[in-house]
Amino acid sequence: MLFNKISLGGADMKFPSIPDKTPFTPLVVMELAEDTNEEAVTWLTSRIKDTQQSGGAELMIDRLTLDDNQDPKKENQNIFIVGASRERLLVGAEDVGLVKEFNDGSMRGFTYANRENFKGFQGDGDNFLSMAECQFIVKHELDTLRARGETHVPGYPKIRLYPGKSVVRRIQSKGILVQIFPLHDKEELKRLSSMWYQNVQLSFQPLDDIRHYFGESLALYFGFLEYFTLAMVPMALIGMPYYLFDWEDYDKYVLFAVFNLVWSTVFLETWKRFSASLAYSWGTLSRKKAFEEPRPGFHGVLGINPVTGRQEPVYSSTKRQLRIYLVSVPFVLLCLYLSLCVMMVYFSAEGLVLGLHDEEPTFWTSLLLYVPSIIYAVVIEIMNRIYRYAAEFLTDWENHRLESSYQNHLTLKVLVFNFLNCFASLFYIAFMMQDMQLLRQSLATLLITSQILNQFVEAFLPFWLQKRRNKRVHRRSGKVSPDQELPFDQQVMLEADMSTYLGTFDDYLELFLLFGYVSLFSCVYPLAALLAVLNNVTEVYSDALKMCRVFKRPFSEPGADIGVWQLAFESMSVIAVVTNCALIGMSPQMKSYFPDSETQLILVVATVEHVFLAFKFILAFVIPDVPRHIQIKLARVEFESMEALKKKFCVMKRKGEKLAHAYITVIRNLSDH
């Protein structure tokens, strides 16, 4: 295969050159099913190549040419590489609402006509767009490739097409399109890896470079992970001497609980300001939200969309609500009940082991005390993962039209179960058994065991499996060392076999549970924050490793914040206020002030809780989510846009008045004659 080379987004990348065809940079790979009808393949590729005026995507697409060493019978022949001309990408940047830095330093929506006034645009704009942005644009153009007069997919009369609806999403939901993913840039990936995780050093993550390669949403996750880790350092520093000197003195955990309450509130409020600064510098804070298309898996009877007026599948909201409240909600409640049953089995085992130790205390029985907690922690992780698959199945079955609605319902299901499954035993020990020593032991065991299991399952196991796949591909291609560069077609096939990154959901969920362990009960076990810091440091490196070496490159997703997870963390911090105030009320120090009146103690604790909640909400109100200087910049851009619109309207009005005056003059002249 011949190769040419161009510069894209600051990085040189090789791409295939097809004789008698215009060469282009391969950005995206589309894999169709092996048995796809050739008529459908021809129709799809022609629609992708057609000009926008004729309803096409105006992109470049070619079938991947396999190396002579590969057996065509064993490899899928329906793999295509997709790219676009530089001018098409710049026009597409305007279509997707890309926000870039203007020459005056402000962030403005990019327009092709005004392209030379944007910072960094030189010549024909060769290095203006990053490769991640180019791939996002190509994906957007493919997703918005709409059916015209076709009633069905050529070669598949049973697969109907609806006018104005996405062709790519339709064939993806029907299994014709197997997968679509962006290609890695090997040179850029090596540079990012060396700055990010290959050299262990105490430094901040290269968030701008992560955003440049993977997009804003993933960069915001790593930014939140780093910010969360740094925010826990004060908790860890205070917790270490607290653990060493006040291990058995529960009277003094009141002060640590108060600090815990203030910390959780300040951390979340300052994070919102930091994320707003990041989003502004990346051009996503002021970016307009695009109209959301239906999910690929959405199905229904043919009807009219009341918003667009187009024909498309519609599904009764009444049926969906019935599925949610008559099936999904009872199923979730059943799972919660089973989780509580497992918890009671754990307590029975804990009591049995404790009885054995009390009868004959030895070294082995003292070790045996930790066995029920370790087994219970493993069972919790297994139950969480099984429930996750059940929750995804149920949410799919509910048939939500939009991806945002699907994610909100899935998140709610998973959070409710995970919260109860992970924390129910701790609440029971703290407030029913009131055994602080057992609470500390259970918290430590759950925290450490879950961290070890997550690191193994999410990072090391996938990395080992991918390493084995890499070795097989290199042996098949005749390469001795895994570090040797593969031919282009072999590299595409290798990336096609990589695991697909399913988004930041599981990563945020892990941090959410970790935040719960630290904010809810760390006053009883002060080392929780230190263990969380150590976990997050290793999490940075393991997550970076799996993003660069294990998974396919994900498409860039614009994001201005961490979305629904901000609300989830804030809800956890409210629960932490109630929990810590209750723990303060249960301390011997507080009980000594009210030896004869438990009612007064409860009233005092409730008052303190309300004071802290009021303080939390006042602090959230006083600290603005967006820094003042960014608010001013956004307001100035909005003001200038309004002024430009008024000026344009006045010019059009004057032109209209001149035309009207000229028209009247012509009419008068004609009437005189």
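Author: What follows sets values against cut-offs, one label at a time. The model is a predicted one.

Reader: What makes α5 and α6 roughly antiparallel?

Author: Their axes cross at roughly 150°. Angles over 145 degrees count as roughly antiparallel. Therefore α5 and α6 are roughly antiparallel to each other. The axes come within 11 Å, and the crossing is left-handed.

Reader: Which residues of α5 and α6 make the contact?

Author: From α5 (residues 186-196), the contact uses Glu188, Leu189, Arg191, Leu192, Met195 and Trp196. From α6 (residues 207-214), Asp209, Ile210, His212, Tyr213 and Phe214 take part. By class, that gives seven nonpolar, one polar and three charged residues.

Reader: Why is the pair Arg191 and Asp209 called a salt bridge?

Author: The N to O distance is 3.4 Å. A salt bridge needs a side-chain nitrogen of Lys or Arg within 4 Å of a carboxyl oxygen of Asp or Glu. The pair Arg191 and Asp209 therefore meets the definition. Arg191 is in helix α5 and Asp209 in helix α6, 18 residues apart.

Reader: Why do Arg191 and Asp209 count as partly exposed?

Author: Arg191 has 37% relative accessibility. Asp209 has 23%. Buried means under 20% and exposed over 50%, so values in between are partly exposed.

Reader: How do you know that Lys100 and Glu133 are buried?

Author: Lys100 has a relative accessible area of 12%, and Glu133 has 7%. Buried means under 20%, so Lys100 is buried, and so is Glu133. Lys100 and Glu133 form a salt bridge, with the closest N and O atoms 3.2 Å apart. Lys100 lies in strand β6 and Glu133 in helix α3, so the bridge ties together parts 33 residues apart in sequence.

Reader: What separates Lys272 and Glu269 in helix α8?

Author: About one helical turn, because Lys272 and Glu269 are three residues apart in helix α8 (residues 253-282). Their side chains meet in a salt bridge at 3.5 Å, N to O. Both Lys272 and Glu269 are buried. Elsewhere, salt bridges that share partners join Lys100, Glu133, Arg211 and Glu216 into one network.

Reader: How many salt bridges does the structure hold?

Author: The structure holds 19.

Reader: What makes Gln434 partly exposed?

Author: Its relative accessibility is 44%. Exposed starts over 50% and buried ends under 20%, so Gln434 counts as partly exposed. Gln434 lies in the loop between α12 and α13. Its phi is near 55°, a positive value in a residue other than glycine.

Note on methods. Residues are numbered from 1 along each chain as its sequence is written. This is a predicted model: local features need pLDDT of at least 70, side-chain atom pairs count only at pLDDT 80 or more; totals for chains, interfaces and linings use all residues. Side-chain values use heavy atoms; hydrogens and water are left out. Helices (H or I, at least four residues) and strands (E, at least two) are DSSP runs, numbered from the N terminus. Buried means under 20% relative accessible area, exposed over 50%, partly exposed in between (1.4 Å probe, protein chains only). Axes are lines fitted to C-alpha atoms, for helices over the stretch in contact, and angles run from 0 to 180 degrees between N-to-C directions. Angles under 35 degrees count as roughly parallel, over 145 as roughly antiparallel, 65 to 115 as roughly perpendicular and the rest as oblique. A crossing is left-handed if the near helix is turned anticlockwise from the far one by less than a right angle, and right-handed if clockwise. Contact means heavy atoms within 4.5 Å. Ala, Val, Leu, Ile, Met, Phe, Trp, Tyr, Cys and Pro count as nonpolar, Asp, Glu, Lys and Arg as charged, and the others, Gly among them, as polar.
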